[in-house]
Every structure is written in C-alpha cells, then in structure tokens.
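I opened this model to look up a few side chains and what surrounds them. My entries follow in the order in which I made them.

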Amino acid sequence: MGKYTIVVPQKGGRKKRKATLQVKRKKMTIQAPQRPGGRPESVTMNIVSAEEIGNDSEDRLHWVLLTTEDIETFEDCRSIIRFYELRWRIEEFHKAWKSGAG
C-alpha cells in the first residue's frame, strides 16, 4: 500500500531513531469451528501490517492489526495504525495517573 516514517522514542534502553514502515493489507475470513447444533457464521476481518524496513535487528517494528474497519486505501490503513500508535500514549497517561495521583 505504501510507506511512511515515524520517530521511535528513546525509552527503556532503546535509542531514539526514525523507522520507515511498509504498510500492507489483506482481507481474511475466519471460519468458526463446528459446534453441537451447527457451525456459527464465519467472521471477515481486515489485516493491516506495518513492518519496519531497512532494519534487521531484533527490535525492529512489526505490527499486525486486525480490524473490521474498511482498509481500501493507504489512508484507511494509516488511520488504523495511527489509532494503535495513540494507544500507547493513553497507556502511559493511565500509568502516570495511577502512580502519580495515587
């Protein structure tokens, strides 16, 4: 679908760096297992993959995100990835709130 660059912050012994991510998408249908009384309906999921390119180290980024949101364009995929990126800010906020505010 495309590429974009993010800044990976320095944290926990990790050095600050720029990472270029290759974005891919795929639609997948998961068939439910057979159950007594029949088989439930299959579920269709969209997969967004954001994998760091140009970095063969163990700490390279590779996110595989499952969503039911539309992912027809690069911008759609980028939006899903952005939600995931923001999630970590929310986690940090809650951590600081719990520890700092008691």
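I began with Glu 85, whose side chain makes a polar contact of 3.0 Å with the side chain of Tyr 4; a polar contact is a pair of N or O atoms within 3.5 Å, where within protein one must be able to donate a hydrogen and the other to accept it, and residues adjacent in sequence count only if both atoms are side-chain atoms. I noted that this is a predicted model, in which local features need pLDDT of at least 70 and side-chain atom pairs count only at pLDDT 80 or more, while totals for chains, interfaces and linings use all residues. Residues are numbered from 1 along each chain as its sequence is written, and side-chain values use heavy atoms, with hydrogens and water left out.

I then placed Glu 85 in helix 1, residues 74-101; helices (H or I, at least four residues) and strands (E, at least two) are DSSP runs, numbered from the N terminus. A second polar contact, of 3.1 Å, joins its side chain to that of Arg 82. Is Glu 85 buried or exposed? I found that Glu 85 counts as buried because its relative accessibility is 14%, the cut-offs being under 20% relative accessible area for buried, over 50% for exposed and partly exposed in between, with a 1.4 Å probe and protein chains only. Leaving out residues up to four places away in sequence, Glu 85 touches Tyr 4, Ile 6, Trp 63 and Arg 78, where contact means heavy atoms within 4.5 Å.

Next I looked up the largest nonpolar core, which has 15 residues, and Tyr 4, Ile 6 and Trp 63 are among those with the most contacts inside it. Such a core is a set of buried Ala, Val, Leu, Ile, Met, Phe, Trp, Tyr and Cys residues joined through side-chain atoms within 4.5 Å. Strand 1 (2-8), strand 2 (17-30), strand 3, strand 4 and helix 1 each supply at least two residues of this core.

I followed Trp 63 to strand 4 (residues 62-67), where Trp 63, Leu 65 and Thr 67 form the covered face, and His 62, Val 64 and Leu 66 the uncovered one. In a regular strand the side chains alternate between the two faces of the sheet. Strand 3 (residues 43-53) runs antiparallel to strand 4, and six bridges join them.

My last entry concerns Arg 60, in the loop between strand 3 and strand 4. Arg 60 is partly exposed, at 35% relative accessible area, and its side chain makes a polar contact of 2.8 Å with the side chain of Glu 51.

Technical notes:
Two strands pair if DSSP finds at least two bridges between them.
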